[in-house]
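Hi,

Here is the structure I promised to pass on. Have a look at it first, and my notes on what turned up follow below.

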Amino acid sequence: MESYHENHVTEKIYLHLDKNDYSAGENIWFKMYCTTAPFNYLSNISKIANIELISPTNNVIKSIKIPLTLGLGIGDFSLSDTLVEGSYRIRAYTRWMQNDSISNFYERIIPITNGRADNVITQSTFLKNGNENFFQINLKTIQGAPLINSSVSYALKQDGQKEKTGRLKSNENGTIALELKDNFKGGLLTLQFLSSDKRRVLKSFTIPNPNQQNSIQIFPESGELVNNILSKTGVKVLSPAGLGIKSKIKIGEENQTPIIEFETNALGMGSMPLILSTGKKYIATAVFPDGNSVSAPLPPVAASGYVLTVNAGLKDKIAAQLSSTSDLVTGKDVYLIAQYNGIVLHAVKQKLNGPEILFNIPKKDLPSGVIQLSVLNEQMTPL
């Protein structure tokens with residue numbers, strides 16, 4: 001592990017902004033820190049950093065390069081006073097960071113308001129009328145008066161491609177309704193019109209996919225469900241918008257009486273210990289307060305495998321129990337290693353001479369943060 005990290009240095013970036021939110025016409029001032037993982041030493045690898053400002057419609061509207069001296073740099077973005085109000089993103093990276101996943105790039109959401117150009121409040125609703133789909137938008141002034149008989153230009157994009165353009169006129173309630181195709185699968189809608197005081201207004205909306213439903217995600221603690229081995233299993237229930245929904249969860253065989261029932265919290269999350277058998281199909285059903293429900297199959301139960309169960313709530317140690325099916329009880333060595341940002345903090349081995357073996361990791365040796373536990377076989381291959 002040490003040899004790997006010496007030859008695969010990872011850079012990280014952090015931007016220290018002067019404020020948390022901005023108005024159009026202001027400047028975003030920042031100081032940049034470029035460090036190397038895992039110790040956050042200032043990096044001397046990259047000499048140039050790229051910083052981008054990304055609009056709510058996912059377009060890069062500004063891009064600058066700044067010099068880095070021993071991992072430090074400063075710079076600023078000037079914000080146009082015609083920017084559309086919304087949630088923007090700042091993204092920062094170096095050429096060196098492009099060798100790895102873009103998930104390691106620095107990203108931060110910043111709200112940008114525009115009180116000088118936009119005095120319009122909107123409320124949008126997706127409507128279904130038989131086989132017809134409509135996206136309805138209500139336009140009001142900041143005082144609450146509807147924008148009556150306003151001519152609105154619109155552009156609809158699906159998957160980044162322009163799908164439809166045209167003009168609509170708001171009714172006496174300040175409402176416009178855009179009819180969508182039968183095969184509509186969500187997209188980005190941009191509106192352009194004049195406010196009551198004749199200012200040019202731009203608005204953008206993400207239209208939900210009408211075919212999307214609430215969904216259930218199943219998370220066995222150490223990756224898989226194994227025959228007749230207790231596994232703590234997490235459940236998360238989400239709306240199409242990605243928000244958690246409180247629900248009652250029932251788990252059981254297909255078309256059979258549930259073997260377990262529990263409730264998620266308000267964020268749609270919960271967990272229960274499960275002991276399941278291979279060769280059977282299990283279904284998780286989430287029942288919502290309005291009586292509707294959604295179901296999803298559990299992952300197949302493996303006939304042979306390992307389950308790692310971790311108790312981090314003890315005062316002075318972390319207890320990790322490795323359980324295995326009888327065919328894997330070979331009496332050979334297995335290793336447990338605890339890592340933090342790629343640094344091995346603890347390593348121990350035991351012989352797998354029973355269906356359950358227990359590892360204890362002293363907490364006094366561990367830093368705060370996320371610790372990764374891995375189990376390896378006698379040939380150092382991760383299990």
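A quick definition to start with: I call a residue buried under 20% relative accessible area, exposed over 50%, and partly exposed in between (1.4 Å probe, protein chains only). This is a predicted model, so local features need pLDDT of at least 70 and side-chain atom pairs count only at pLDDT 80 or more, while totals for chains, interfaces and linings use all residues. Residues are numbered from 1 along each chain as its sequence is written, and side-chain values use heavy atoms, with hydrogens and water left out.

Most residues other than glycine have a negative phi, and most peptide bonds are trans. L70 has a positive phi, near 50°. You'll find L70 in the loop between β6 (60-67) and β7 (72-78), and at 55% relative accessibility it counts as exposed. (Strands are DSSP runs of E, at least two residues, numbered from the N terminus.) M380 also has a positive phi, about 65°; it sits in the segment after β29 (372-376) and is partly exposed at 47%. There is a cis peptide bond too, between A37 and P38, with omega about 0°. P38 belongs to the loop between β3 and β4 (41-42).

Next, the nonpolar cores, meaning sets of buried Ala, Val, Leu, Ile, Met, Phe, Trp, Tyr and Cys residues joined through side-chain atoms within 4.5 Å. The largest has 26 residues, and L15, M32, I51 and I110 touch the most other members. Two or more residues each come from β1 (11-17), β3 (27-36), β5 (48-54), β8 and β9. A second, separate core of 19 residues includes V235, L276, Y282 and V294. Back to M32: leaving aside neighbours within four places in sequence, its contacts (heavy atoms within 4.5 Å) include I13, L15, I51, L68 and A92.

The model holds five aromatic pairs. Rings of Phe, Tyr and Trp (its six-membered ring) pair if their centres lie within 6.5 Å; planes under 30 degrees apart count as stacked, over 60 as edge-to-face and the rest as tilted. F39 and Y41 are stacked, 5.5 Å centre to centre with 25° between the planes, and Y41 is exposed at 55% relative accessibility. Y93 and F105 are stacked as well, at 4.5 Å and 10°. Y93 is in strand β8 (residues 86-93) and F105 in the loop between β8 and β9 (106-113), so this pair ties together parts twelve residues apart in sequence. Both Y93 and F105 are buried.

Now for a sheet. Four strands form an open one in the order β13-β12-β15-β16, with antiparallel pairing; strands pair if DSSP finds at least two bridges between them. β13 (161-169) and β16 (200-207) are at the edges with a single partner strand each, so one side of each has no neighbour in the sheet. β15 (residues 187-194) pairs with β16 over eight bridges, and L191 has K203 in β16 as its bridge partner.

G166 is in strand β13 and is partly exposed at 25% relative accessibility. Beyond four places in sequence, G166 touches V152, S153 and Y154.

Last one: is T175 buried or exposed? It is buried, with a relative accessible area of 13%, and lies in strand β14 (residues 175-180).

Cheers
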